[in-house]
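Reader: Can you walk me through this model? Keep it short, please.

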Amino acid sequence: MKEPFSFLHRFRKAPASPTKRTVLITGGARGIGRATAELLLKEGWSVAIIDPQLPDADAPDQLLSLQGDVGSESDVERAIRETVEAFGQLDALVNNAGIGITRSLEELTLEEWNRVICTNLTGTFLCAKHAAPHLRKTGGSIVNISSTRARQSEPDTVAYSASKGGIGALTHSLAVSLGPEVRVNCISPGWIETDPLAVHSEADDAQHPCGRAGTPADIAAMISYLLSEQSGFITGQDFVIDGGMTKKMIYAE
Ligand code: NDP
């Protein structure tokens with residue numbers, strides 16, 4: 001259990017040759033965030049992550065792992081300060097941390113609604129706000145992770161869908177507010193299988209026009225592109241990466 005304002009960090013091995021490009025990834029200990037951290041490390045970035053728990057022992061040694069909650073302004077301020085102290089500057093922010101609660105509207109409590117909005121939407125705002133002065137200096141970039149659920153829903157996911165819709169709107173507002181120094185884009189993933197041991201049916205794969213569910217690497221690749229100079233003319237956009245699922249019309253037989 002995390003104590004209030006405790007702020008542990010682990011940096012098992014500093015990068016051999018620190019580069020100038022530094023990224024902070026929220027929720028980087030697992031899933032899409034972890035895959036993104038691993039890809040960006042391979043590409044030569046210095047990578048810090050902020051997560052409620054420190055990552056498992058298999059996490060790359062070069063990660064600067066900070067323990068904190070993106071919904072806490074003091075944790076966010078401190079994570080950004082420690083990242084800049086460790087690496088000298090901040091060039092990119094990936095707002096990936098997210099939670100969801102499936103509960104009927106009548107049973108969803110205000111506390112649960114606030115928890116989802118606080119992590120997914122307020123956390124994105126807080127990280128952008130405190131990263132902005134550093135990103136303006138470096139001409140940096142932000143990638144926010146929304147969801148196809150900003151556009152379509154299953155029943156009983158109202159807080160999650162609302163938070164993800166908010167991230168899409170926050171993205172273009174940030175892009176217009178922080179440009180031209182800072183570019184801000186958003187990715188809306190579809191079904192991304194984060195558990196390598198999970199099994200899903202052939203029918204589940206087949207309903208995707210691409211023929212399969214997504215992997216964390218599919219999203220990490222797009223994040224890498226949106227942080228790169230090749231995407232220098234792209235800002236304020238929301239990219240759906242879902243194997244084509246939201247483009248497919250489905251009728252009952
Ligand atoms: P995971 O649950 O695998 O990983 C999320 C990470 O975020 C975990 O390490 C989690 O830590 C961390 N986290 C949770 N709350 C906080 C917080 N308050 N502060 C900091 N870190 C936090 O999720 P995915 O990799 O599947 O998803 C990543 C993002 O992609 C999310 O925003 C999600 O909504 C979005 N997404 C995912 C899809 C999918 O199919 N996987 C589809 C569409 C969007 P801990 O485990 O300790 O809680």
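This is a predicted model: local features need pLDDT of at least 70, side-chain atom pairs count only at pLDDT 80 or more; totals for chains, interfaces and linings use all residues.

Author: We can go through helices first, then loops.

Reader: How are helices and strands assigned?

Author: They are DSSP runs, numbered from the N terminus: helices are H or I with at least four residues, strands are E with at least two.

Reader: OK, α4. What span should its 21 residues have?

Author: Helix α4 covers residues 158-178 and should span 30 Å at 1.5 Å a residue. The expected span is 1.5 Å times one less than the number of residues. The end C-alpha atoms of α4 are 30 Å apart, so the two agree.

Reader: Which residues in α4 are buried?

Author: Among them are Ala159, Ile167, Leu170, Leu174 and Leu178. Lys164 is also on the buried list. Buried means under 20% relative accessible area, exposed over 50%, partly exposed in between, with a 1.4 Å probe and protein chains only.

Reader: What do they pack against?

Author: Helix α3 (110-138), plus strands β6 (141-145), β7 (183-189) and β8 (238-241). Contact means heavy atoms within 4.5 Å.

Reader: Switching to α1 and α6. How do their axes cross?

Author: The axes of α1 (residues 31-42) and α6 (residues 216-227) come within 8 Å and cross at roughly 55 degrees. That makes α1 oblique to α6. The cut-offs: under 35 degrees is roughly parallel, over 145 roughly antiparallel, 65 to 115 roughly perpendicular, and the rest oblique. Axes are lines fitted to C-alpha atoms, for helices over the stretch in contact, with angles from 0 to 180 degrees between N-to-C directions.

Reader: Left-handed or right-handed?

Author: The crossing of α1 and α6 is right-handed. Right-handed means the near helix is turned clockwise from the far one by less than a right angle; anticlockwise is left-handed.

Reader: Which residues meet there?

Author: Ile32, Ala35 and Leu39 are among those in α1, and the α6 side includes Ile219, Ala220 and Ile223. By class, the contact of α1 with α6 has 11 nonpolar, 3 polar and no charged residues. Here Ala, Val, Leu, Ile, Met, Phe, Trp, Tyr, Cys and Pro count as nonpolar, Asp, Glu, Lys and Arg as charged, and the others, Gly among them, as polar.

Reader: And Ser224, buried or exposed?

Author: Ser224 is buried, with a relative accessible area of 11%. Ser224 sits in α6. Not counting residues up to four places away in sequence, Ser224 touches Leu39, Leu40 and Glu43.

Reader: Now α2 and α3. What's the angle?

Author: Roughly 30 degrees, with the axes of α2 (residues 73-87) and α3 coming within 9 Å. The two are therefore roughly parallel to each other. Their crossing is right-handed. The contact includes Val76 and Ile80 of α2, and Leu126 and His130 of α3. Its residues divide into 6 nonpolar, 2 polar and 3 charged.

Reader: Loops next. Where's the cis peptide bond?

Author: It joins Gly179 and Pro180, with omega about 0 degrees. Pro180 is in the loop between α4 and β7.

Reader: What about phi of Asp156?

Author: It is near 70 degrees, a positive value in a residue other than glycine. Asp156 lies in the loop between β6 and α4. At 35% relative accessibility, Asp156 counts as partly exposed. Most residues other than glycine have a negative phi, and most peptide bonds are trans.

How values were computed:
Residues are numbered from 1 along each chain as its sequence is written. Side-chain values use heavy atoms; hydrogens and water are left out.
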